[in-house]
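Have the 3D view open as you read.

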Amino acid sequence: MPIQPRRLAAPLAALAVTGLLTSCAASASPAGASGEREGGELVYLDAELTSNTQLQTSGTWQDSAYVTNITDRLVFKDPETGELQPHVAEDWTVSEDGLVYEFAIREGITYSDGTDLDAANVERNLEWQSQGDPEQGIPANNWLPPIADISSGDGTVTVKLEQPYAPLLDVLSFWRTSLVADATIDSTIEEQSQITGIIGSGPFTVESEVYGEEIVFAKREGYDWAPSSWEHQGEAFLDRVTVIPVTEDSVRQGSLRSGEADLIRYVLPSEEQGLIDAGIEVVGVQGTGNANVWDVRQSAPFVDDVRVRQALQVGIDREQIVDDLYSGNWQAATSTVSPGTFGYVDLAESLRFDPERAEALLDEAGFTERDADGYRTRDGERLSLTTYVDVYDSTAKPLFQLIQWQLQRLGIELVIEETDYANYSAVIADPSIAVRRNGWPEADAWVRQSVNYSVDGSNLLNLPEDDRVLADLYAQQAVTTDAAERARIVGEIQRVSVEQAYLLPILDDSQVFGIQPTVHDLRWTAEARPWFYDAWTERK
């Protein structure tokens with residue numbers, strides 16, 4: 001199942017019975033007519049500030065969630081089944097050779113500025129996404145393949161690819177390919193980088209923003225083009241959603257307890273039971289896509305040696321991490337992607353904690369001596385690795401510290417540095433940084449990995465040259481339209497990434513929310529972003 005919400009609002013004794021939820025709603029709806037659901041405001045305290053909403057250059061979790069609620073996409077991915085279903089494209093066909101896609105565009109859709117979302121506008125969106133806007137400094141969307149031609153006419157958009165691209169429909173369901181009005185495309189990159197500059201056709205519009213203080217989303221009047229498979233049609237129930245960034249964990253949780261907030265993101269594992277006892281529903285949402293991994297960056301000292309990387313792989317005790325630091329909303333990673341992701345392979349045995357093997361690998365790598373502090377040395381040089389605490393995860397610091405302790409027992413020094421949100425991207429680019437956290441739910445994990453890890457892409461592993469085996473596998477999976485064969489290829493990608501210890505899977509990503517019992521039918525996308533369209537509140 002692609003999206004896996006876990007509720008912890010029931011008594012703990014009942015959890016063994018209820019287990020994993022099969023619904024992506026926050027709570028069951030009490031009986032009542034649609035009119036009783038309409039109206040009211042939801043106050044949402046997010047854990048992070050908005051950063052950049054320009055579609056081709058943005059990437060933060062919170063920005064993607066906001067964009068999702070004010071825009072629509074050609075394709076809808078069902079959060080429960082992962083099935084690709086019609087949305088703005090009411091139908092599509094794909095040629096036998098996988099090169100030509102024809103999309104029939106649904107009639108009657110408009111943007112919040114009153115302009116039409118029609119075939120001509122979709123054509124322009126796809127051209128802008130695939131080519132970028134060099135004059136504005138906007139790059140092409142690197143999730144899209146090389147496109148030979150895009151044309152439109154008679155309510156249909158035709159896309160001709162240079163070569164087959166298996167994940168195209170998945171990519172077109174993702175927030176990064178959200179459709180926007182011509183006025184947004186014509187605006188500056190600075191305007192697009194603010195949420196007020198994104199003009200979409202979604203169930204909410206941006207009413208106002210005071211940067212760093214609040215964003216107010218208002219119900220889009222006249223909205224009547226939800227995915228045709230969705231039970232709820234017509235306008236959203238909520239009048240507005242007010243998002244307030246609150247980076248201090250205790251303040252978010254205190255505001256929820258006091259009733260000042262209806263919803264918060266990032267509930268610390270240590271705080272979950274206290275919120276439950278106070279009558280708050282705690283929901284952990286696991287979307288499909290990449291697991292939380294540590295990228296091992298081979299420009300750093302020592303980790304260009306595969307034996308050192310492999311020692312890290314089996315020297316981390318993932319089960320201890322979950323048992324000591326987390327709750328039932330979290331689970332240890334068993335691959336580089338989460339269960340339910342296309343092509344997922346369970347590699348738990350390869351990730352099993354094995355300190356004896358880790359010790360043997362470090363001996364083979366020549367780190368056989370110890371210094372006065374007990375750390376391993378080779379030719380008098382300490383085996384020391386440096387990392388920065390991930391600023392995007394409020395649970396990161398204790399996680400990093402526990403791994404530091406685990407590695408210290410093997411004789412590896414892990415130096416943990418800290419910085420703030422504004423400077424994190426710059427400091428983590430230092431080639432001497434050995435490991436960095438990465439990985440979130442995505443529409444297609446393999447597109448993200450190809451972008452992240454190829455030498456011609458972001459090269460986040462800092463490889464001097466591509467691993468030809470891995471590079472060829474990434475290239476093959478993209479053009480393989482047979483699902484079974486593509487699944488086999490991405491299975492090999494996972495095995496190579498784990499065996500070579502390019503990536504150190506740690507946890508399956510979990511977004512943990514606290515929700516007032518007066519809020520109902522809050523749902524999430526397949527990638528675990530909150531979707532407010534169905535949500536309603538008893539408080540008017």
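Let's start with a parallel pair: strand E18 (residues 384-388) and strand E19 (residues 413-417) are joined by five bridges. Keep in mind that this is a predicted model.

**The parallel pair and its crossover**
- Ser-384 has Glu-413 in E19 as its bridge partner.
- To get from E18 to E19, the chain goes through helix H13 (residues 396-410), and this β-α-β crossover is right-handed.

**H13 against H10**
- H13 also meets helix H10 (residues 306-315): their axes come within 10 Å and cross at roughly 120 degrees.
- On the H10 side, the contact is made by Ala-311, Leu-312 and Gly-315, while H13 brings in Gln-406, Leu-407 and Leu-410.
- As for handedness, H10 passes H13 in a right-handed crossing.

- Strand E16 (residues 376-378) is joined to E17 by two bridges, with the two running antiparallel.
- Look for Thr-377 opposite Arg-382 in E17.

**The annotated region**
- UniProt, in an unreviewed entry, lists residues 83-442 as "domain: Solute-binding protein family".
- Over residues 83-442, the chain is 25% helix and 23% strand.
- The end C-alpha atoms of that stretch are 15 Å apart.

Note on methods: Residues numbered from 1 in each chain as written. Predicted model: local features only at pLDDT ≥ 70, side-chain atom pairs only at ≥ 80, totals over all residues. Heavy atoms only, no water. Pairing = 2+ DSSP bridges. Helix = DSSP H or I, 4+ residues; strand = E, 2+ residues; numbered from the N terminus. Right-handed = clockwise from strand over helix to strand, strands pointing away. UniProt positions renumbered as here; feature names shortened; annotations may be inferred. Axes fitted to C-alpha atoms, helices over the stretch in contact; angles between N-to-C directions. Left-handed = near helix turned anticlockwise from the far one by under 90°. Contact = heavy atoms within 4.5 Å.
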